[in-house]
Amino acid sequence: MRKPRDFDSELKALDNKARQLKQAKLQQLGELVVATGADALPVEQLAGALLAAVSVSDMIAREDWRQRGATFFLRQGKARGSTRSRAASPAAADSGAAPLGSAASAE
């Protein structure tokens, strides 16, 4: 005879996994803000820049931002792979703050 499934425990496990994924996403977004240097911006300015970026429908601007983001991540990957100290990586992170400034000015 088959053992009955415990749907409650399965739902609880799925709910816990969803919470873990959401928490990981929030942590990654926070780390991204810090890595780009955007944590130096006032919260209102950062929120405004993000809102402007979300509302822009210009595909050329979005592609430009995507390319800048890809370049930023490539630089970060190289900085981690090199023997340079962590003190040298904020110089690379500062250049990543430009997309946020352009997002605010693109509106």
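Accessible areas here follow the Shrake-Rupley method with a 1.4 Å probe, and for residues only the protein chains shown count as cover.

I noted the ground rules next. The model is predicted, so local features need pLDDT of at least 70 and side-chain atom pairs count only at pLDDT 80 or more, while totals for chains, interfaces and linings use all residues. Residues are numbered from 1 along each chain as its sequence is written, and side-chain values use heavy atoms, with hydrogens and water left out.

**Fold**

I looked up the secondary structure. The chain has five helices and zero strands. Along the sequence the pattern reads α-α-α-α-α. Helices (H or I, at least four residues) and strands (E, at least two) are DSSP runs, numbered from the N terminus.

I then checked burial. Of the 107 residues, 18% count as buried. Buried means under 20% relative accessible area, exposed means over 50%, and partly exposed lies in between (1.4 Å probe, protein chains only).

Taking contacts between residues at least 6 apart in sequence, 71% join residues at least 24 apart. A contact means heavy atoms within 4.5 Å.

**Nonpolar patch**

Which residues make the nonpolar surface patch? I found Leu26, Leu29, Leu32 and Phe73, covering about 380 Å². Patch residues have over 30% relative accessible area and no salt bridge; like charges are joined within 9 Å, and nonpolar side chains (Val, Leu, Ile, Met, Phe, Trp, Tyr) within 5 Å.

Helix α1 (residues 7–36) gives the most to this patch, with three residues. Leu29 sits in helix α1. Its relative accessible area is 44%, so Leu29 is partly exposed.

Phe73 comes from helix α3.

**Aromatic pair**

I searched for ring pairs and got one aromatic pair. The rings of Phe72 and Phe73 have centres 5.4 Å apart and planes at 70°, so I logged the pair as edge-to-face. Rings of Phe, Tyr and Trp (its six-membered ring) pair if their centres lie within 6.5 Å; planes under 30 degrees apart count as stacked, over 60 as edge-to-face, and the rest as tilted.

Is Phe72 buried or exposed? Phe72 counts as buried because its relative accessibility is 6%. Phe73 reaches 51% relative accessibility and therefore counts as exposed.

**End of helix α1**

I looked at Thr36, which also belongs to helix α1. Thr36 has a relative accessible area of 10%, so this residue is buried. Its side chain reaches the backbone nitrogen of Ala38 at 3.4 Å. A polar contact is a pair of N or O atoms within 3.5 Å; within protein, one must be able to donate a hydrogen and the other to accept it, and residues adjacent in sequence count only if both atoms are side-chain atoms.

**Salt bridges**

Side chains of opposite charge can pair when their charged atoms come close. How many salt bridges did the rule give? I counted four. The rule asks for a side-chain nitrogen of Lys or Arg within 4 Å of a carboxyl oxygen of Asp or Glu.

I wrote down three of them, including Arg5 with Glu10, whose closest N and O atoms are 2.7 Å apart. Arg5 is exposed at 52% relative accessibility, and Glu10 is partly exposed at 32%.

Glu63 and Arg66 form another, at 2.7 Å from N to O. They are three residues apart in helix α3 (residues 59–81), which means about one helical turn separates them. Glu63 is partly exposed at 33%, and Arg66 is partly exposed at 48%.

Asp64 and Arg68 also meet in a salt bridge, at 3.8 Å from N to O. Both lie in helix α3, four residues apart, about one turn of the helix. Asp64 is partly exposed at 34%. Arg68 is partly exposed at 32%.
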